[in-house]
Amino acid sequence: MTQGPASRPHPLLVGEARDPAMDDVHVLLDLVTGYQRAAVLTAASRIGVFDALDPVTPRDVDALAGELRLTGAATLAPLLDVLVAHGLVGRREDGYVRRGPIAEALRRDGDLGAVIEKEATFARLWNDLDRVVREDAPLLAPWRDRLRDEPARCRAFLDALDVLARRTGAPLDRLRELAPDRRVLDVGGGLGSFARLLAASGSTVTLVDLAPVTDWATEALAGLDGVTVVTADAVAEAACGVAPASHDAALLSHLLHDLDDDDAAAVLAHAVEAVEPGGHVVVSEFAGDAGPGDFGPLFDLMMRVETGSRARALIGFADLMEGAGLEDVRRAPFGEPLTVLVGRVPG
């Protein structure tokens, strides 16, 4: 009696046990081919895959290629299959569907597209990481120069940071030092990610940043009560451009890692001047010695590629705060890689 396929698998489907000696090779391959998955996501976002797919009604590849105005469907099919493997697209017998909240946010009216484009831009810089290591110099001009020369790109960059802050940032509204009913100075507050959060929690916020960032922040925060926007150079201006001792707390979120030690010390000293005695200064950062796996060293490299700065160790941020005269510096209880330090102004 002839055995059926269930009792005799096709020989091409029978593999040998995995050789443990190959594990290191597979790890290496995963590292060096990581760019491919990022490219798939970027391409899918740019050509409009997540807009064209429906979460309920499947679309076959040919119809989808036609809607996206592609020359053909041959390359689209494997691209969709990669997205299937990562749970962003579902595959059914009669076609593909959009799957999950992340895929929804990758539509053109979602917010994650800004993050995709930000990382695609910086991926090109990372291809020249060897040059950064050889020359010990960043690949981007200083932020002030970029604001002057490339305002549109800077605005797009801040849009992406705003998305990341809202989606992955520290829940700073849980800190009693910042909310509710506090007068908070948001130093280098960008488009107002945390100003918006704290104002919604009942605090009043003064956002301080450079021009034209403050113009963009005013636009982004239009109609929101409880936030005032001030144009000032927090590195150079006493009390960060506001009246001394006029606030209960100052927030410096992801600002110090862009600054060298002298400028970081100056900003902290000016923030202390702006806070009344007994108030607090909160520093929210990523530390070079915190976070899972290689998060810290990769963030350190990112700073060196983009700004020429570095990711300070946790103790380095604490030393800067204490050097500015803050007392009782402690770490807030947020999980890594979030690093939030709180210090008290003497008095």
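## The second largest pocket

Helix α7 gives the largest share of the lining of the second largest pocket, seven residues. Helices here are DSSP runs (H or I, at least four residues), numbered from the N terminus. A pocket is an open set of points on a 1 Å grid over the protein atoms alone, where a 1.4 Å probe fits, with protein on both sides within 12 Å along at least five of seven lines; lining residues have an atom within 4 Å of a point.

This pocket has a volume of about 370 Å³, counted as the space filled by probe spheres set on the points. Of its 14 lining residues, Thr121, Phe122, Arg146, Arg153 and Phe157 are the closest to the centre. Two elements, α7 and α10 (151-168), each give two or more residues to the lining. By class, the lining has seven nonpolar, one polar and six charged residues.

## Basis of the model

The model is predicted: local features need pLDDT of at least 70 and side-chain atom pairs pLDDT 80 or more, while totals for chains, interfaces and linings use all residues. Residues are numbered from 1 along each chain, and side-chain values use heavy atoms, without hydrogens and water.

## Helices α2 and α7

Helix α7 (residues 112-126) also packs against helix α2 (residues 34-47), at an angle of about 130° and with the axes 10 Å apart.

In the contact (heavy atoms within 4.5 Å), Leu41, Thr42, Ser45 and Arg46 of α2 meet Gly113, Ile116, Glu117, Ala120 and Arg124 of α7. These residues divide into three nonpolar, three polar and three charged.

How values were computed. Axes are lines fitted to C-alpha atoms, for helices over the stretch in contact, and angles run from 0 to 180 degrees between N-to-C directions. Ala, Val, Leu, Ile, Met, Phe, Trp, Tyr, Cys and Pro count as nonpolar, Asp, Glu, Lys and Arg as charged, and the others, Gly among them, as polar.
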